[in-house]
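Trainee: Could we walk through this one together? I'd like to know where each label comes from.

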There are 2 protein chains.
Amino acid sequence: MDRKQSLFSAMISLARIIKGRPRISPALDGNAMLQTILNRRSVRAFQARSIPEEVFSAIIEAGRLAPSTVNLQTWSFAIFSPETWQQSFSHKIPFGGNRAVIIIADTYRAKQVLNVFPDCPLLEHTVAVMNASLAAMNMNLAAEAMGVSSVMLSETGRTGLLDANYIRTKLNLPAGAVPLMTIVFGYARGAPPPMPPRLPVTQIVFEGEYPSTDRLVMESWLDQMVAGYNISHPGSSFAKQLEVYQRKISQAESDLKEIVFGKNGDID
Amino acid sequence: MDRKQSLFSAMISLARIIKGRPRISPALDGNAMLQTILNRRSVRAFQARSIPEEVFSAIIEAGRLAPSTVNLQTWSFAIFSPETWQQSFSHKIPFGGNRAVIIIADTYRAKQVLNVFPDCPLLEHTVAVMNASLAAMNMNLAAEAMGVSSVMLSETGRTGLLDANYIRTKLNLPAGAVPLMTIVFGYARGAPPPMPPRLPVTQIVFEGEYPSTDRLVMESWLDQMVAGYNISHPGSSFAKQLEVYQRKISQAESDLKEIVFGKNGDID
């Protein structure tokens, strides 16, 4: 592809991102809760304004009341104000957020009284990640319900799975507790960012057997991702972000194996 | 504990379940979306009434628009009507549900064009599970917004992670696609079931370092679980359900290891 073609292709990709909107029947347009869910954005710029204590408590309550496998509630939430975050990590909450919650997939606590997955560490880990993520989404949407925006971080600022051992040390987490992500909460500053390009329904939904992947659709999606990344991540680029991942993943993988399977990493 | 004491203890536990309600500031009582999120229940009895096509499409749209790590959208949704479910699995959708969606943590599709986690299968799996679960919760709450109830199943009726290989065969899933759960959707029949006992905020939320687990609180929670299980799961008991798990987990663990780490299960 020459330069002119590639510029044209980037413009098409940008146009696609900008017109990307939730597609629902007009009959449902009046459903305020549905609109809030479908128009949620990951926000990366927050006002200095504080989140009231009762609003933050209600967000936590949404995490506490999330559904979970066998009601095991395999989650813990490490909560932070700007001051306690600074104390723990010696830098500010990313993006000027006013509160932060580290979502931990926690197989440790429930196991003190009930061992549902003896000698099945991968199953146990998978279930814990699943449940903790359900709680995270519930908290995210409870925040939206109260006009509070958020972003889920798994890398930026050493906030999640890619720095699991760093966080584990800082918080003194026990065996079986895996930090997944930090949700940064705050009141959004500026206009909502555009929706990063989503795959079409036809690529992600199927009836009957799993369909073959449409490479053209996937390549067009990747073009849109690359073109759109700068808009939603000022000061970064998609390629730069991937480089960061490439530098960190090997260590993160071996740390995670040790957390899930124990010191010798024996999976049998 | 003698019989009388144990009956008394069960009554206390039941009373605790029945009075278990969301705890938020009265100032937030008027927030309809927050109330919907906090009062969501896992429903296991559905009316025969059909979910309109546009309502089901909007539920799927909420899954499609969920947030995900690097916007990778590592999820696929296998969708079913009562008829197609019957064709695929030779029995009815559990609990008389009107639609079913199998949530698949899908590392296969995106990797056709972009490999973010080369040689890091556990990290890749964990991220996919996390993202697919965020999508699941988004769909669950979008349904609630439209008056549609649901339940997330990971075992009942061979619907999820504990029967991953069974589902993989039925749907012809490629390597790297892990069925996590089936969400069964429908209009609730009868009164909403009570909230299964949730751990108190003080057990799941912390500031600073991870706190020691309060065994008394955990044991009381387990008592409540056992006592309450029959209410929300007619025809079953907590002990019976655990037995089912014990029978299935070893096979499920070794299947999952093969899916995540490949045939020889080598994690290094």
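**Two helices across two chains**

Mentor: Start where α6(A) meets α10(B): A:Pro121, A:Leu122, A:Leu123 and A:Thr126 lie on one side, with B:Ile249, B:Ala252, B:Glu253, B:Leu256, B:Lys257, B:Val260 and B:Phe261 on the other. "Meet" refers to contact, meaning heavy atoms within 4.5 Å. By class, those residues are eight nonpolar, one polar and two charged. Nonpolar covers Ala, Val, Leu, Ile, Met, Phe, Trp, Tyr, Cys and Pro, charged covers Asp, Glu, Lys and Arg, and the others, Gly among them, are polar.

This is a predicted model, where local features need pLDDT of at least 70, side-chain atom pairs need 80 or more, and totals for chains, interfaces and linings use all residues. Side-chain values use heavy atoms without hydrogens or water, residues count from 1 along each chain as its sequence is written, and chains are lettered from A and ligands numbered from 1 in the order written.

Trainee: Why are α6(A) and α10(B) called roughly perpendicular?

Mentor: Helix α6 (residues 121-145) of chain A and helix α10 (residues 238-261) of chain B pack at an angle of about 80°, with axes 8 Å apart. Roughly perpendicular runs from 65 to 115 degrees, so α6(A) and α10(B) get that label. The axes are lines fitted to C-alpha atoms over the stretch in contact, with angles from 0 to 180 degrees between N-to-C directions.

Trainee: What makes α10(A) and α6(B) roughly perpendicular?

Mentor: Their axes come within 8 Å and cross at roughly 80°, and that makes α10(A) roughly perpendicular to α6(B). Here A:Ile249, A:Ala252, A:Glu253, A:Leu256, A:Lys257, A:Val260 and A:Phe261 meet B:Pro121, B:Leu122, B:Leu123 and B:Thr126.

Trainee: How do you know that the two copies are related as by a two-fold rotation axis?

Mentor: A 180° rotation with 0.0 Å of shift along its axis puts chain A on chain B, RMSD 0.0 Å, and the copies are thus related as by a two-fold. The same surface serves both, with 100% of the contact residues of chain A recurring in chain B.

Trainee: And within chain B, why is α6(B) called roughly perpendicular to α10(B)?

Mentor: The axes of α6(B) and α10(B) cross at roughly 105° and come within 9 Å, which makes α6(B) roughly perpendicular to α10(B). B:Pro121, B:Leu122 and B:His125 meet B:Leu256, B:Val260 and B:Phe261.

Trainee: What makes one space a cavity and another a pocket?

Mentor: On a 1 Å grid over the protein atoms alone, a 1.4 Å probe fits in a cavity but cannot get out, while a pocket is an open set with protein on both sides within 12 Å along at least five of seven lines; lining residues have an atom within 4 Å of a point. The structure holds four cavities of 30 Å³ or more. The largest cavity is about 540 Å³, and among its 35 lining residues A:Ser68, A:Val70, A:Asn71, B:Arg44 and B:His233 lie nearest its centre. α9(B) gives the most to that lining, five residues.

Trainee: Which residues lie nearest the centre of the largest pocket?

Mentor: A:Arg44, A:Met152, A:His233, B:Ser68 and B:Val70, out of 38 lining residues. The largest pocket has a volume of about 680 Å³, and its lining splits into 19 nonpolar, 14 polar and five charged residues.

Terms used. Helices (H or I, at least four residues) and strands (E, at least two) are DSSP runs, numbered from the N terminus. Angles under 35 degrees count as roughly parallel, over 145 as roughly antiparallel, 65 to 115 as roughly perpendicular and the rest as oblique. Grid points are joined across faces, edges and corners, and a volume is the space filled by probe spheres set on the points. Copies are superposed by least squares on the C-alpha atoms of residues with pLDDT of at least 70 in both.
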